[in-house]
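Here is a structure to read with a student's eye. Keep asking what each label rests on.

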Amino acid sequence: MAVLHHLIKSKPLTTLLRPISTPTHHHFSTDSSKTLTIETSVPYKSHIVEPPPTSIDTSSSELMNFFRDMALMRRMEIASDSLYKAKLIRGFCHLYDGQEAVAVGMEAAITKKDSVITAYRDHCIYLARGGTLLGAFAELMGRQDGCSRGKGGSMHFYKKDSGFFGGHGIVGAQVPLGIGLAFAHKYNKEDNVSFSMYGDGAANQGQLFEALNMAALWDLPAILVCENNHYGMGTAEWRAAKSPAYYKRGDYVPGLKVDGMDVLAVKQACKFAKEYVLKNGPIILEMDTYRYHGHSMSDPGSTYRTRDEISGIRQERDPIERVRKLILAHDIATEKELKDIEKDVRKEVDEAIAKAKESPMPDSSELFTNIYVKGYGVESFGPDRKTLRTTLP
């Protein structure tokens with residue numbers, strides 16, 4: 001209760017390969033280019049920096065895209081739950097439903113030339129970066145058409161051509177890599193930044209502070225994004241951190257606390273952070289968010305929190321419902337039009353799953369690729385070193 005109190009028949013392949021935010025041909029109630037100014041419901045909290053304004057400019061078309069993108073992510077994760085229970089997805093699987101506003105809002109403020117790196121809850125970040133449903137589901141099921149060729153699985157999505165440098169399975173290990181990406185941007189004299197995403201469970205990692213110290217010393221364009229969903233696995237934040245005000249934990253590094261369930265607040269904060277770090281060096285963004293599923297598919301998510309807590313967040317703070325209310329309040333679309341979008345999304349996800357199931361498993365020879373540099377004639381033997389198994393190209 002303490003935490004609750006704190007929170008109170010088939011389309012063509014080209015369609016399946018379409019990234020999110022592709023305009024769809026719906027005829028909405030009003031002009032799709034109408035501009036709006038929305039006030040965030042929760043003010044930013046700041047640490048040694050002036051926060052951005054709480055009035056946020058948007059448009060009716062952007063709100064419609066936000067709604068569709070988050071609905072697509074939500075549906076993808078719910079479908080992943082079913083595929084896991086059907087044993088079509090194996091191994092670890094960490095779902096993002098509830099946190100969609102962070103991925104979508106961040107993407108609205110940056111470009112594909114900016115770098116993003118995250119931990120293992122990575123499906124929706126990949127989708128936001130321009131990944132496809134087919135690439136996601138095929139990877140989840142270990143198929144050749146997956147974004148990592150079926151060799152990474154749930155925790156290791158990757159899309160370098162869109163500046164997404166992966167999901168990472170070791171808690172906190174992605175943050176030093178993200179600082180390295182920021183160093184590369186500065187070294188190459190690029191006006192781009194890196195976003196290193198981690199959870200509250202990783203916020204006490206020593207390597208995070210070592211990397212942050214270097215970023216501050218060298219004024220690197222690094223944005224550290226703490227996705228605080230209030231539980232590190234099954235441990236509530238207040239039990240794991242003496243100071244759970246993660247936006248202040250950088251000490252000499254400025255920070256902002258953001259309502260991570262409000263896609264517009266996230267967009268505004270990320271836009272502000274990008275402009276700030278290009279001139280001044282690193283900043284921490286703490287996204288106050290929530291996951292509806294357990295930590296992973298092996299966690300029912302109900303032993304360390306109450307069902308009332310989860311349903312309370314759904315009713316009061318759900319990111320998709322918040323955008324739905326904005327769209328209806330400003331007469332941008334009707335309830336039926338929004339339900340039609342959700343039906344389209346469900347169909348699109350189902351078709352992507354069907355296509356992913358048709359994708360073959362990687363050939364056994366793939367066990368030896370992406371490990372050694374090609375062209376050195378590396379040989380692989382059996383355990384007795386007598387039988388030559390293969391010669392690598």
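Q: How many salt bridges does the structure hold?
A: This predicted model holds 19 salt bridges.

Q: What makes Asp81 and Lys85 a salt bridge?
A: Their side chains meet at 3.0 Å, N to O. The cut-off is 4 Å between a Lys or Arg nitrogen and an Asp or Glu carboxyl oxygen, so the pair qualifies.

Q: Why are Asp81 and Lys85 separated by about one helical turn?
A: They are four residues apart in helix α3 (residues 60-85), and that spacing puts about one helical turn between them.

Q: Why is Asp81 called buried?
A: Its relative accessible area is 11%.

Q: Why is Lys85 called exposed?
A: Lys85 has a relative accessible area of 59%.

Q: What makes Arg322 and Asp259 a link between distant parts of the chain?
A: They sit 63 residues apart. Arg322 is in helix α12 (residues 319-329), and Asp259 is in strand β9. Both Arg322 and Asp259 are buried.

Q: Which residues are linked with Arg322 and Asp259 in a network of salt bridges?
A: Asp262, Asp288 and Arg317 are linked with them in that network.

Q: How do you know that Glu335 and Arg324 form a salt bridge?
A: Their side chains meet at 3.2 Å, N to O. With a limit of 4 Å, the pair therefore counts. The pair links helix α13 (residues 335-358), which holds Glu335, to helix α12, which holds Arg324. The two residues are eleven apart.

Q: How many aromatic pairs does a search of the whole structure find?
A: The search finds seven.

Q: Why is the pair of Tyr126 and Phe157 called edge-to-face?
A: The ring centres are 5.2 Å apart and the planes stand at 90°. Centres must lie within 6.5 Å and planes over 60 degrees apart, so both tests are passed. Tyr126 is in helix α5 (residues 123-128), while Phe157 is in the loop between α6 (133-140) and α7 (174-187). Both Tyr126 and Phe157 are buried.

Q: What makes Tyr158 and Phe165 an edge-to-face pair?
A: Their ring centres are 6.3 Å apart, with planes at 85°. The limits are 6.5 Å and 60 degrees, so this pair is edge-to-face too. Tyr158 is partly exposed, with a relative accessible area of 36%.

Q: Which residues do ring pairs link into a cluster?
A: Phe183, Tyr187 and Trp218 are linked in this way.

Q: Why do β2 and β4 stand at the edges of the sheet?
A: The open sheet has six strands in the order β2-β9-β10-β6-β5-β4, with mixed pairing. β2 (45-47) and β4 (115-117) each have a single partner strand, so one side of each is left without a neighbour in the sheet.

Q: How do you know that β2 and β9 pair?
A: They share three bridges, in the antiparallel sense. At least two are needed, so they pair. His47 stands opposite Gly255 in β9.

Technical notes
Residues are numbered from 1 along each chain as its sequence is written. This is a predicted model: local features need pLDDT of at least 70, side-chain atom pairs count only at pLDDT 80 or more; totals for chains, interfaces and linings use all residues. Side-chain values use heavy atoms; hydrogens and water are left out. Buried means under 20% relative accessible area, exposed over 50%, partly exposed in between (1.4 Å probe, protein chains only). Rings of Phe, Tyr and Trp (its six-membered ring) pair if their centres lie within 6.5 Å; planes under 30 degrees apart count as stacked, over 60 as edge-to-face and the rest as tilted.
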